[in-house]
Amino acid sequence: MTDALLNPSASSPIKAGAGLRRRRNAADFRLRMYGLAAISTAILLLGILLTTLVLGGYQAFVQTHIRVTFPISAENVDAANPAEGNFRAVVSQAMTSLLPAVDTPAEAREIAKILTNNTQFFVRDAIVGDPSVIGGTVTLNIPAADIFDQLNKGEVDRNSPEQNRRVDDQQIAWFDDLVSQGLVSTPFNWALIFNADSRFPEIAGLSGAIVGTFYAILVCFAISFPTGIAAAVYLEEFAPKNRWTDLVEVNINNLAAVPSIIFGLLGLAIFIQTFGLPRSAPLVGGLVLALMALPTIIIVTRNALKAVPPSIREAGYGMGASKQQVIMHHVLPQALPGIMTGTILALAHALGETAPLLLIGMNAFITSPPGGILEASTALPTQIYIWADSPERGFVARTSAGILVLLAFLFVMNGMAIYLRSRLQKRA
């Protein structure tokens, strides 16, 4: 007692409390720093990912075009049947006129290779659309062939040995001549969005994959949304609590963690081989994605229903409403923001799946967008996979560009989820 009085600081409650506060504040500071470090790391990794994709894919959003005036003579194109003309000769004559130094048939064929291999079809479509140009000329901006597009974008090293390049010095000289004449431009590549797939990178696009993805997600939503909500409402509000409902709940939770390729095998065995649905169709793709999304939607809906305050139900029963009326008019509207958010996030997750779509054949080479859910199609994830597996150099940038387009779809869907949640919460 005497020592404590002589040296009060040794056992002072005030000092002990101050030390406890310092330790508590230090622990709080460390926790905030851990959280800040985690968020910073996530943002950094996301930034690295987006930067890598942008640097790898931005060149696919522009395309080298060459302005060419094609002479449409009557000897090459018959006015009575313009779709059956000698369009290769038309292209060869047009390119030769741009470079008068070209005077041999072999050089004329080589210079025509500066343009995309589908140039004859561009010319044909222009003449069929306006037959009055026969006997005159038509001027078109034609995509350059992939290697010359790469040359114009600086992806081909001009200083490397000629045998190490796909273009020789003469072809480079011809292309430079066209540049000096002001015939070469690099506009935004709308074909990336509005063209379907092609073997030639310079004209390959995503329209077929975008339309196929839209149909598949539409089928997925039409099946999984009402089915998932109905199943969740029954399990949460009506189903008796016994071992069978417990078994169903355990299996639903397990299905949410099943690898997506298993659903692809199931779709292949059931929808295609058993029921005979058309392979590669968005209908089958949507059914498979619906199987994947159903467990997530059921779990999210049940959690949203549990989050509704019991007082809402009690107030409905107090007003004399039946159980069905309470659920439909009181509980579901309150739970709808969470249900919609979870549904859109489940669909966004399904949108990025590749393995199940590959198994049911939605990786076919489709040169036109599908006209319905029963026609053969591809999807954005499988289109990206196809381009990544292509040997042409131009598909490297288009692969990254396709990923950026897919990410844009995901950002839009996540934005819709946030908007719908806030809008429905205000109404509720």
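A residue is described here as buried when its relative accessible area is under 20%, as exposed when that area is over 50%, and as partly exposed in between. In this predicted model, D125 has a relative accessibility of 46% and therefore counts as partly exposed. The side chain of D125 meets that of R124 in a salt bridge, with 3.3 Å from N to O, and R124, at a relative accessible area of 28%, is likewise partly exposed.

A search of the whole structure finds nine salt bridges, and the pair of D125 and R124 is one of the salt bridges described here. In another, R393 is joined to E155, with the closest N and O atoms 3.7 Å apart. Because R393 lies in the loop between α16 (380-388) and α17, whereas E155 lies in the loop between α6 and α7 (169-180), this pair ties together parts that are 238 residues apart in sequence. R393 is partly exposed at 41% relative accessibility, and E155 is partly exposed at 31%. The loop between α6 and α7 also holds R158, which pairs with D176 of helix α7, so that parts 18 residues apart in sequence are tied together. The salt bridge between D176 and R158 spans 2.9 Å from N to O; D176 has a relative accessible area of 31% and R158 has a relative accessibility of 38%, so that R158 counts as partly exposed. Elsewhere, E236, E249 and R302 are linked in a network of salt bridges.

The largest pocket has a volume of about 520 Å³ and is lined by 24 residues, of which A112, K113, L115, T116 and N117 lie nearest its centre. At least two lining residues are supplied by each of α3 (87-98), α4 (105-112), α5 (119-129) and α6 (146-152).

In the second largest pocket the lining comprises twelve nonpolar residues, one polar residue and no charged residue.

L36 belongs to helix α2 (residues 13-57) and, at 48% relative accessibility, counts as partly exposed.

Terms used: Residues numbered from 1 in each chain as written. Predicted model: local features only at pLDDT ≥ 70, side-chain atom pairs only at ≥ 80, totals over all residues. Heavy atoms only, no water. 1 Å grid on protein atoms, 1.4 Å probe; cavity = no way out; pocket = protein on both sides within 12 Å on 5 of 7 lines; lining within 4 Å. Points joined across faces, edges and corners; volume = space filled by probe spheres on them. Helix = DSSP H or I, 4+ residues; strand = E, 2+ residues; numbered from the N terminus. Nonpolar A, V, L, I, M, F, W, Y, C, P; charged D, E, K, R; others polar. Buried < 20%, exposed > 50% of the residue type's maximum accessible area, 1.4 Å probe, protein only. Salt bridge = Lys/Arg side-chain N within 4 Å of Asp/Glu carboxyl O.
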